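Please read the numbered points alongside the display.

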Amino acid sequence: MITDPIADYLTRIRNAIKANHRVVEIPASNVKKGITKILFDKGYILNYKFEDEKMPKTIKIALKYHPVTKLPAINDIKRISRPGLRRYANSKELPRVLNGLGIAIVSTSKGLITDKEARKLNVGGEIICYVS
């Protein structure tokens, strides 16, 4: 029994990057699918595949590395809001990760979006994680 599945998701990605793995397989949920889509759209992962036909449902994520230096695209991925201490911010208080070079993933009434999109839409919400 996992008490914080999103923290488990982020930890699996972090550990796979440290071990220089190309692909990581993670149990699926709708929130994890949303985070994966954002990471792909912003260029932090190479590709992903949702395997919904078999049980248990999984997400396969192909991690992205620089072709010459072999450095990962994700330098740091950190859980912010956790079950014991939820972190919320309105649109004016949303944090800037690395002065705008990274992203914060925010759960809003409009769904899972980045901090920049939340500022444009003028919505706040729960800060899920920072990615840089």
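1. Lysine 70 lies in the loop between strands S3 and S4 (77-79), where helices (H or I, at least four residues) and strands (E, at least two) are DSSP runs numbered from the N terminus. The phi of lysine 70 is near 65°, a positive value in a residue other than glycine. Lysine 70 counts as partly exposed because its relative accessibility is 48%; buried means under 20% relative accessible area, exposed over 50%, and partly exposed in between (1.4 Å probe, protein chains only).

2. The model is predicted: local features need pLDDT of at least 70, side-chain atom pairs count only at pLDDT 80 or more, and totals for chains, interfaces and linings use all residues. Residues are numbered from 1 along each chain as its sequence is written, and side-chain values use heavy atoms, with hydrogens and water left out.

3. Leucine 98 also has a positive phi, about 50°, although it is not a glycine. Its place is in the loop between strand S5 (88-89) and S6. With a relative accessible area of 52%, leucine 98 is exposed.

4. Methionine 55 and proline 56 are joined by a cis peptide bond, with omega about -5°. Proline 56 is found in the loop between strand S2 (45-51) and strand S3 (58-63). As background, most residues other than glycine have a negative phi, and most peptide bonds are trans.

5. Two aromatic pairs are present; rings of Phe, Tyr and Trp (its six-membered ring) pair if their centres lie within 6.5 Å, with planes under 30 degrees apart counted as stacked, over 60 as edge-to-face and the rest as tilted. The ring centres of phenylalanine 40 and tyrosine 48 are 5.3 Å apart and the planes stand at 75°, so this pair is edge-to-face. Tyrosine 48 and phenylalanine 50 form a tilted pair, 5.0 Å centre to centre with 45° between the planes. Phe40, Tyr48 and Phe50 form one aromatic cluster.

6. The charged end of lysine 33 sits over the ring of phenylalanine 50, 5.3 Å from its centre; this requires NZ of Lys or CZ of Arg within 6 Å of the ring centre and within 35 degrees of the ring normal.

7. Strand S6 (residues 103-108) is largely enclosed by the rest of the structure, because five of its six residues are buried. Five bridges join S6 to the antiparallel strand S8 (residues 125-131); strands pair if DSSP finds at least two bridges between them. S6 also pairs with strand S7 (residues 111-114) in the antiparallel sense, over four bridges, and a hairpin joins S6 to S7 through two residues.
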